[in-house]
Amino acid sequence: MKKLFTLSLILILCAGCSNKKSAEELFKETSSGVVVVLNEFYYEVQLPNGNSLYFKGLDEDGDITGLTADAEEAKKDRNMITGTAFFIDKEGTLMTNRHVAQPDIDAVTARRSMIRFMKTLKQFFTEQMAELSQQFDQLESQKSSCSYFDFYGFIHTDQERLAQINAQQAELSQQYTALKQSREGIDDNIDPEGIKINTISELGIAYNNTYVTTDNDFIMKNPCVVVRTSDKENIDLALIQLKNKKTPEDSYIFKLKGSDDQSFGDKLANLFSSSDDDKLKIDQQLYMIGYNAGLVLANTKQGIKVQMTSGKVTQLSDGQRLLYSIPTLQGSSGSPVIDEYGNLVAVNFAKLGTTDNFNFGIPEESIKEFMRK
């Protein structure tokens with residue numbers, strides 16, 4: 001009986017060991033579920049009077065750049081970032097970082113810049129009004145050329161041209177009035193936090209082993225929408241979804257044991273291991289699958305290629321972050337971090353200071369809390 005028990009124990013242990021996979025096996029199994037995300041974005045400022053302005057971002061001094069009242073102009077000069085995301089269900093839902101899905105202006109910097117912004121805003125309105133007045137006066141001076149005397153001394157007026165000038169002046173007057181109301185609606189002592197800033201984004205994804213040449217290969221071919229972002233400042237997570245709500249048949253879905261037929265959220269209880277034996281340990285091997293440096297490294301003659309990098313657990317999770325020695329570059333934000341068994345253990349989100357060799361991931365505790373809401 002003792003020998004039988006020993007043999008059974010050995011078989012159980014061996015079976016557990018057999019679940020461990022090589023890096024190559026893990027890469028082949030999971031890489032199809034990891035995509036590169038392209039986000040083109042700019043910012044909208046909603047003023048207290050209901051009007052909106054648009055801008056590109058903040059410069060190194062914290063001043064607003066690319067300020068315009070024309071949304072189309074802002075769209076042409078918008079920012080572009082890339083990141084990584086991975087499928088979590090069959091309905092085209094992907095997990096990534098919030099700063100990839102919905103880049104925000106740094107709150108502290110934005111608040112500090114708002115006083116300067118209000119002064120800039122008033123000056124902007126003043127300059128725009130002066131420009132409109134100049135255009136109005138130029139049109140007024142053109143009216144004299146609409147009338148002329150013929151050989152017999154009779155005056156003739158080009159009514160069509162005069163009507164065009166009057167219409168243009170009426171439009172300029174409306175614009176002038178709107179700008180004046182906006183300028184008058186700005187209180188120099190207004191609470192900066194009373195001005196709402198929105199991120200306006202267009203997102204799309206591209207798959208491993210496909211070809212991309214322009215942003216249309218993301219935005220037009222595989223457009224996405226932001227489903228939800230974490231409302232906690234220190235939890236950098238977001239869900240995005242393909243507009244067609246269909247995960248490609250051959251794409252890997254990041255789930256755990258026994259969850260093949262259910263969504264990420266439905267099988268949340270089984271998504272992460274809960275026994276002490278399954279908890280992460282110091283120096284445990286981890287792998288990250290993502291798009292380091294975005295398309296700079298991803299683009300090859302055979303299409304874009306996702307990369308796998310590896311490292312060890314260097315600091316255990318405190319519930320909000322897990323530290324590991326996996327090297328990363330910009331573009332890896334939102335990458336899934338897995339263990340030797342293929343279990344999702346974190347979502348990569350930040351690096352430690354200026355080094356690329358120590359990086360942070362959002363651990364299972366925070367992911368579970370985010371998915372429950």
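Guide: In this predicted model, helix α10 covers residues 364–372, and its buried residues are Glu364, Ser366, Ile367, Phe370 and Met371. Seen down the axis of α10, these buried residues fall within an arc of 160 degrees, so they line one face of the helix.

Strand β19 spans residues 359–363. Cover is heavy in this strand, with five of its five residues buried. The pairing partner to look at is strand β16, residues 322–324, which runs antiparallel to β19 and is joined to it by three bridges.

Of its 373 residues, 43% are buried. Among contacts with a separation of 6 or more, 68% are between residues 24 or more positions apart. The exposed surface comes to about 20500 Å², and carbon and sulfur atoms supply 51% of that area.

Another strand residue worth a stop is Thr93, in β6 (residues 93–96). Thr93 has a relative accessibility of 9%, and because the cut-off for buried is under 20%, Thr93 counts as buried. The side chain of Thr93 makes a polar contact of 2.9 Å with the side chain of Asp89. Beyond its neighbours within four places in sequence, Thr93 is in contact with Phe86, Phe87, Ile88, Leu239, Ile240, Gln241 and Thr247.

The loop between β9 (196–207) and α7 (216–219) holds Asn209, and Thr210 lies in that loop too. Asn209 has a phi near 70 degrees, a positive value in a residue other than glycine. With a relative accessibility of 45%, Asn209 counts as partly exposed. Thr210 is also partly exposed, at 27%. The side chain of Thr210 reaches the backbone oxygen of Tyr207 at 2.5 Å. Once residues up to four places away in sequence are set aside, Thr210 touches Gly303 and Ile304. Thr210 and Gly303 are 93 residues apart in sequence, yet their C-alpha atoms are 4.9 Å apart in space.

A positive phi also occurs at Asp283, where the angle is near 70 degrees and the residue is again not glycine. Asp283 sits in the loop between α8 (268–271) and β12 (285–290). The relative accessible area of Asp283 is 47%, and this residue is partly exposed.

Last, the cysteines. A search of the whole structure finds zero disulfides. Cys146 is buried, with a relative accessible area of 2%. Cys224 counts as buried as well, at 5% relative accessibility.

To return to the part you asked about: α10 has a buried face made up of Glu364, Ser366, Ile367, Phe370 and Met371. Strand β19, with five of its five residues buried, is joined by three bridges to β16.

Terms used:
Residues numbered from 1 in each chain as written. Predicted model: local features only at pLDDT ≥ 70, side-chain atom pairs only at ≥ 80, totals over all residues. Heavy atoms only, no water. Disulfide = S-S within 2.5 Å. Buried < 20%, exposed > 50% of the residue type's maximum accessible area, 1.4 Å probe, protein only. Helix = DSSP H or I, 4+ residues; strand = E, 2+ residues; numbered from the N terminus. Contact = heavy atoms within 4.5 Å. Areas by Shrake-Rupley, 256 points an atom, 1.4 Å probe, with all protein chains shown as cover. Pairing = 2+ DSSP bridges. Polar contact = N/O pair within 3.5 Å; in protein donor to acceptor, adjacent residues only side chain to side chain. Arc of directions from axis to C-beta.
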